[in-house]
Amino acid sequence: MGSLEPIQGPERRNAQITLQQREIVVNEVSFVRKCIGADSSHGDLWGKLICTNFKVSFITHDALPKQRFQVANRLLGEHDVPLACVEQVVTVNDAKGKQKVLCSNQKLKFNPTELILYCKDFRIIRFRFDEAGPQSAKKVCLAIAHYSQPADPQLLFGFEYVGKQYYGSLVNGVDPGGGLQMPLFDRPSEWDREIKRTGASEWRVCSINEGYVVSPSLPEYVVVPVSLADQDLKQYLCFFTAHRIPLWCWNHPNGSALVRMASISDPLQQRKLDQRICSAITKSHPQRSDVLKSDLDKNLPNIQDIQAAFVKVRHICVIEPFEESEEKWLSSMESSRWLEYVRAFLKHSAEVVYLLEGKHVSVILQEEEDRDLSCVVSSLVQLMLDPHFRSLTGFQSLVQKEWVMAGHRFLHRCNHLKKNDKEESPLFQLFLDCVWQIINQYPAAFEFTETYLTVLSDSMWIPVFSTFLFNCPQQRTENSMDFAKSKCIPMGEEKALRFPPVWDWSQQFTPKDQALFNNPMYVGKGATCVQNGTVKSFRRTKKNYSSTLRGMPSSLRNILMDGHDSLTLTRRNSLVPRLKPDFSQIREVVESPTERFFRDWVSRPADLQGMLIPQLLPSHLALWRLYFLRWVPEASIPKGGPVTAYHKLSQLADEVEKLQSQLRQYKGATPASTPTSNPSAPPSDHSRMYFKAGSTHEPSSIPEYLSSSFPFSPVGNMCRRSILGTPLSKFLNGAKTWLSTETLANEAL
C-alpha cells in the first residue's frame with residue numbers, strides 16, 4: 001500500500017495566487033477595483049479578480065488602508081472567498097440601469113460594471129470593472145456563478161482535493177482519526193470506549209448496519225440495549241421511518257439513558273414497538289426506572305421556521321442600517337424570532353436535563369426522521385450534564401457523534417448544491433448560538449472560545465472536510481467510490497476516499513492562531529493551582545443535587561413534556577411556572593418538583609464541573625455579536641468589546657503558566673542549581689494563550705488592532721453602498737434570500 005502526500009503539500013504559484021492541490025484557474029480579469037469604503041472609492045484596492053474551481057480570489061499589491069488583524073487561513077488568502085460560501089452572484093450595469101442574479105449556465109446579455117457577492121458567512125463583497133475589459137469581466141462573473149452552484153456533490157472541490165492525494169488509506173500522512181486525539185465514531189472500539197466512559201454497562205455496540213445494509217442514513221455501528229438481540233432489531237427496523245432504529249446517545253451516572261429515535265411509520269405497530277423499546281431501555285437502568293418520550297416535532301419550531309428567522313436576522317444585522325440602541329432595530333430583532341427559537345431549544349433541553357438528573361428516568365427524543373431537531377437537543381442536553389463535552393476535544397467528539405455520524409443532512413441544510421431552498425436550514429448555526437449563550441453565562445466552564453465556535457461555523461463553507469459535506473456517512477462512501485472509479489484512483493483495501501475531518505485544525509491554522517480557541521478562564525477537571533509552594537490540581541467531588549427528588553409521584557411524569565405546563569427560566573438559573581390568566585389558581589399551586597429541583601440546585605455553589613442550566617428569560621439571552629455583526633463597521637468597537645477582557649485574562653493565564661513552569665524547575669533542581677539559573681519563561685509556542693505576558697517593565701496596553709470584531713475585520717468584507725442611488729436595504733427588502741433568484745435584467749433601477 002502506498003503513501004499519501006501531505007495535505008498541505010508544496011503549493012503552486014500562478015500569477016501570485018496560491019493554489020491548493022488540484023486547484024486550477026478557470027477565469028481571471030485584471031484592473032479590477034475591490035470596494036473598501038462604504039461611501040466613496042477612497043481606500044479601494046486595485047488588482048486581479050480570479051475564479052478557480054475552489055474559490056474567488058483577489059490579488060493585489062496595494063496595502064489595506066489601515067492596520068488590522070485577522071485569522072490567516074492556510075487554505076485561503078486574505079481576499080479569498082470559497083465558492084461554497086457564495087450564496088448569490090449579482091451583476092450590475094450602471095449605464096443601462098440593469099442588474100441580474102446569475103445562476104449556473106445562464107447567459108449575461110450586458111457587460112457588467114459591478115459584481116456583488118453575497119456570502120453565507122454574512123459578508124457582502126463588491127468589485128468594480130470600470131477599467132477592466134468588458135468581455136473578461138463578463139466571463140469571470142459567469143464562471144463564479146457556474147462554479148459556485150455545482151450540479152452534483154462530486155463537483156465540489158473536496159473530491160479533487162482529496163482524490164489527487166490518495167494513494168492508499170492515509171490522509172495527511174496519518175490515518176484519519178489515528179492522528180487526532182478524539183474519536184470519529186466510525187469504529188466499534190470508539191463506541192465501546194464511550195460506553196465505558198459513561199458507565200453504560202447494559203448497552204452494547206451493534207453492527208447490523210455494517211456496510212449500510214439496514215439504513216443508509218445511520219452509522220455502521222450503533223449502540224443498543226443489551227436485552228435487544230440483533231434479530232429483534234432486524235424485525236423492528238422496517239416499522240421505523242427510513243429504518244432508523246433507536247440510537248443511544250449518552251448515559252447519566254445514575255443509570256438514566258438519553259436515546260433518540262425516528263417515528264414509527266406503521267400506526268398499527270406503534271404501541272407494540274413502543275412497549276418493546278421502552279422495556280429494553282428500562283431493563284438497561286439499574287433501578288428499572290420509567291422511560292419518557294419527548295416529541296420534538298410538536299414541541300419545537302420546524303426547519304422552515306428556523307430558516308425564515310435566520311434570513312430575517314441576517315437582513316436586520318447586515319442589510320438594514322445598524323442602530324443597536326434604536327427601539328426600531330431592537331424591535332426588528334425581536335420580531336425575527338431567532339432568539340425566541342434559541343430560547344425554545346435551550347428550554348426544552350433544560351427540561352430533558354431535569355428528567356435525567358432530577359427524576360432519574362430515561363428519555364427518548366422522537367423526531368420524524370431523527371436527523372435535525374434531535375441533533376440540537378441531544379447535543380445541548382449532554383453539554384449541560386457532562387463536563388467532558390465542554391472541553392475542546394469532548395465538544396468535537398459530541399458534534400461528530402450527534403451530527404456527523406447520526407446523519408444530519410449537512411449537504412441539504414447548507415444547500416451546498418443550491419438546488420432546493422426548502423431543504424436549507426441553519427440547524428448547526430442555531431446549535432452553535434445555543435452553545436454561545438451558555439458560554440456567555442458560564443465562561444469558565446468551557447475550554448473553547450466564541451472565536452472557535454465562529455471559525456467552526458465558517459468551516460462549513462470550505463468544501464474539503466468530510467464533516468460538513470455530506471448528508472450521512474453512507475453518502476460519503478457511495479460518492480467517493482463513484483468518483484474514485486471515474487478518475488481511476490487506486491483504492492487499495494479502502495472502501496472509500498478518506499476525506500479529512502475539520503477537527504485537524506492544523507490544516508487551516510498555525511499553532512499560534514489555534515491558541516485563539518483556548519479560553520484563559522477555563523477551569524477543567526485537572527486545572528492546576530499553587531498551594532503552599534506546591535503545584536496541585538483541583539479535584540472536585542461529584543455532587544448529586546437530585547437526592548431530595550427521588551420517589552416523585554408518577555402523576556408528575558410528563559410535567560415537562562406537556563406544552564401547557566412548559567417552564568420559563570428566571571433569576572439566576574431558577575425555574576418558575578409561566579403566569580396563567582387565572583391568578584386565583586396560582587395562589588393555590590404548591591411549589592412543583594421541577595421548581596424545587598432547580599431552586600435546590602441554584603442555592604448551592606456553582607460547580608463548573610457539574611450540571612449547568614442556562615438562564616432563559618428574554619433579558620438573559622443576547623445577540624451573538626461576533627457571529628452576526630463582525631463584518632458591520634458601525635458595530636465594531638475599536639479597542640473595546642469582550643476581546644479586551646480576553647486580552648488581559650490571556651496575559652494573566654500565560655504568566656501563571658510561566659510561574660508554574662519555573663516552580664516545577666525549582667522543585668526538580670539540583671542543590672547546585674538555583675531557580676534563578678533559568679528565570680526565563682518557557683518558549684512562547686508552549687503556551688496555550690494567544691496573548692503572552694509581557695515583562696514587568698513593559699506596560700500591558702491594549703493593541704491598536706483590537707476591536708469587538710477581533711479576530712475578524714469589517715474592512716473590505718462589508719461594502720453595502722447604495723446602488724445608483726437606490727438604498728441597498730430597499731433593493732433587498734422582503735427577499736427570501738439575499739435577492740430574488742429571478743432575473744432582474746429588464747428592471748430599471
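# A chat about the folded chain

Me: Among contacts in the chain between residues at least 6 apart in sequence, what share joins residues at least 24 apart?
Reply: Among those contacts, 74% join residues at least 24 apart in sequence, where a contact means heavy atoms within 4.5 Å. Please keep in mind that this is a predicted model, in which local features need pLDDT of at least 70 and side-chain atom pairs count only at pLDDT 80 or more, while totals for chains, interfaces and linings use all residues. Residues are numbered from 1 along each chain as its sequence is written, and side-chain values use heavy atoms, with hydrogens and water left out.

Me: How many helices and strands does the chain have?
Reply: The chain has 21 helices and 20 strands, which are DSSP runs numbered from the N terminus, with helices (H or I) of at least four residues and strands (E) of at least two. Of its 749 residues, 58% count as buried, where buried means under 20% relative accessible area, exposed means over 50% and partly exposed lies in between, with a 1.4 Å probe and protein chains only.

Me: Which strand order does the open sheet of four strands have?
Reply: The order is E13-E14-E16-E15, and the pairing is mixed; two strands pair if DSSP finds at least two bridges between them. Strand E13 (247-251) and strand E15 (291-295) are the edge strands, each pairing on one side only. On average, neighbouring strands of this sheet are turned by 20° against each other, direction ignored.

Me: And how many bridges join E13 to E14?
Reply: Four bridges join E13 to strand E14 (residues 257-262), and the two run antiparallel. Within E14, Leu258 is the bridge partner of Trp250.

Me: Which strands does helix H5 lie across?
Reply: Helix H5 (residues 270-283) lies across E14, E15 and strand E16 (362-367), and it runs at about 125° to E15. Such axes are lines fitted to C-alpha atoms, for helices over the stretch in contact, and the angles run from 0 to 180 degrees between N-to-C directions.

Me: Switching to E5, is it buried or exposed?
Reply: Six of the six residues of E5 are buried, so this strand is largely enclosed by the rest of the structure. Lys55, Ser57 and Ile59 point one way from E5, whereas Val56, Phe58 and Thr60 point the other way.

Me: What joins E4 to E5?
Reply: A hairpin does, through two residues, and five bridges join these antiparallel strands, with Ile50 standing opposite Ser57 in E5. E5 also pairs with strand E6 (residues 81-82) in the antiparallel sense over two bridges, and there Lys55 stands opposite Pro82.

Me: How many residues lie between E7 and E8 in their hairpin?
Reply: Four residues lie between E7 and E8, and Gly97 in the turn has a positive phi of about 65°. Five bridges join strand E7 (residues 86-93) to E8, the two running antiparallel, and Thr91 stands opposite Lys100 in E8. Strand E8 (residues 98-102) is mostly covered, with four of its five residues buried.

Me: Which strands do the buried residues of H1 pack against?
Reply: They pack against strand E3 (25-34), strand E4 (45-52), strand E5 (55-60), E7, E8 and strand E9 (114-119). The buried residues of H1 include Ala137, Val140 and Ile144.

Me: At what angle do H9 and H13 pack?
Reply: Helix H9 (residues 338-358) and helix H13 (residues 427-441) pack at an angle of about 75°, with their axes 10 Å apart, and they are therefore roughly perpendicular to each other. By the cut-offs used here, angles under 35 degrees count as roughly parallel, over 145 as roughly antiparallel, 65 to 115 as roughly perpendicular and the rest as oblique. Among the residues that meet are Trp338 and Phe345 in H9 and Leu430 and Ile438 in H13.

Me: What about H9 and H18?
Reply: H9 and helix H18 (residues 593-602) pack at an angle of about 85°, with their axes 11 Å apart. Ala350, Tyr354, Glu357 and Gly358 of H9 make the contact with Pro593, Thr594, Phe597 and Phe598 of H18.

Me: Last one: where is Ser650 found?
Reply: Ser650 is found in helix H20 (residues 642-667), and this serine is buried, with a relative accessible area of 0%. Leaving aside its neighbours within four places in sequence, Ser650 is in contact with Pro520, Met689 and Phe691. A polar atom of its side chain lies 2.7 Å from the backbone oxygen of Tyr646.

Note on methods:
Polar contact = N/O pair within 3.5 Å; in protein donor to acceptor, adjacent residues only side chain to side chain.
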